[in-house]
Amino acid sequence: MDETDRAIINRLQESFPIAHRPYRQAAQALGIDEAELIQRIEQMLEQRQLSRFGPLYHAEKLGGGLSLCAMNVPEDQFERVAEQVNAFPEVAHNYARDHRFNIWFVLATETPQRIDSVLKAIEQTTGYPVYNMPKEEEFFVGLRFHV
Amino acid sequence: MCNSPGSLDQLDRRIVVATQAGLPLVAEPYLQIAQQLGTSEAEVMERMQRMLESGIIRRIGAVPNHYTLGFRGNGMSVWDVPDEKARLYGRRIGALEFVSHAYLRPRHLPEWRYNLFAMVHGKDRSEVMEKIARIADMLGQDNQAHEILFSTRILKKTGLRI
């Protein structure tokens, strides 16, 4: 990654044009040409310096349900439970964390009403309670990394 | 124009599906999406502009992978603050430049006492701990308890389904 790559990350986190030739427009502001910008974004995606490039959607505003859920599972049951949780297509992300509450996953469902039934199904399958922690309010989303 | 979620029509949803993994890396990306969906470039641009204005699209652009960019420390800090002050502190914590997400969430007493969540990012764990100490200072006596949960493993990561 060089200075130009860093400038691309810093500048293009904020916004990207909706225009006929958006890469050309963004490239001009960065002082490079369109083809170079496209090629550099492609490369940063391949090398996973960017996890994606494009629109970031707001799941609830799209009408879906979204919730953070936690489980407290004994170590010797961890792998089995994690596998069973992951098998639900509604589980979007799942992280192991170093805490008594050791499984943390995000449920994304097509409607908000589906959250509860999926939670119950996960409890039944795994045999452990699921703690539902939906957000009641969001204060800020979208750290701008300066690299 | 109504901006409630219900106002998304079939074409809007197809645009969401076509772009949620990313924008095409070609000179005329909106034209490519339009051709794929059998509509015009102007239609796609207009609808995406509308979704951007109504907040359905949070933003368009580069999403950095903080892990590969050297932000190896990512801690989920959880705080027990008085309910009546939780929103005030949520806004203050959310405004800090090293916090990516801050949310008010329900407690599950007695097992889970925390009502405020903030994702804190740093170069490594010690930098994350330092930043969390700054939040603790800011909260003072209203910090009734807090913990940091570091992730040890990604068990699953997929895109959102709609």
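**Domain arrangement, interchain contacts and nonpolar cores**

The centres of domain 1 and domain 2 of chain A, taken over C-alpha atoms, are separated by 37 Å. The domain assignment places domain 1 at residues 3-46 of chain A and domain 2 at residues 60-133 of chain A. The structure is a predicted model, with scores of ipTM 0.79 and pTM 0.80. For chain B, the mean pLDDT is 90, and 94% of the residues of chain B reach 70 or more. Over residues 1-5 of chain B, by contrast, pLDDT stays under 50, and the model has 6 contacts beyond four places in sequence for this segment. Where pLDDT is low, the predicted coordinates should not be read in detail.

Contacts between the chains involve 61 residues of chain A and 63 residues of chain B. On the side of chain A that touches chain B, two or more residues come from each of α1, α2, α3, β1, α4 (78-86), β3 (91-97), β5 (131-133) and β6 (137-141) of chain A. The element that gives the most to this side is β1(A), with 8 residues. By residue class, the side of chain A that touches chain B consists of 32 nonpolar, 14 polar and 15 charged residues. Strand pairing also links the two chains: β3(A) and strand β5 of chain B (residues 145-157) pair in the antiparallel sense over 5 bridges. Within β5(B), B:Ser151 stands opposite A:Arg97.

In soluble globular proteins, nonpolar side chains tend to be buried together. The largest nonpolar core of the model has 28 residues, of which A:Ile8, A:Leu12, A:Leu37, A:Ile41, B:Met48, B:Ile57 and B:Ala62 touch the most other members. At least two residues of this core are supplied by each of α1 (3-12), α2 (22-30), α3 (34-46) and β1 (50-57) of chain A, and likewise by each of α1 (10-19), α2 (29-37), α3 (41-53) and β1 (57-64) of chain B. The element that gives the most to this core is α3(A), with 4 residues. When neighbours within four places in sequence are left aside, A:Ile41 is in contact with A:Ile8, A:Leu50 and A:Phe53, and also with B:Leu25 of the partner chain.

How values were computed: Residues are numbered from 1 along each chain as its sequence is written. Chains are lettered from A and ligands numbered from 1 in the order in which they are written. This is a predicted model: local features need pLDDT of at least 70, side-chain atom pairs count only at pLDDT 80 or more; totals for chains, interfaces and linings use all residues. A nonpolar core is a set of buried Ala, Val, Leu, Ile, Met, Phe, Trp, Tyr and Cys residues joined through C-beta atoms within 7 Å. A residue is buried if 20 or more other C-beta atoms lie within 10 Å of its own, exposed if 12 or fewer, and partly exposed in between; C-beta atoms are placed from the backbone. Two residues are in contact if their C-beta atoms, placed from the backbone, lie within 7 Å. Domain bounds come from an automatic or database domain assignment. Ala, Val, Leu, Ile, Met, Phe, Trp, Tyr, Cys and Pro count as nonpolar, Asp, Glu, Lys and Arg as charged, and the others, Gly among them, as polar. Two strands pair if DSSP finds at least two bridges between them. pLDDT is the predictor's confidence in each residue, from 0 to 100.
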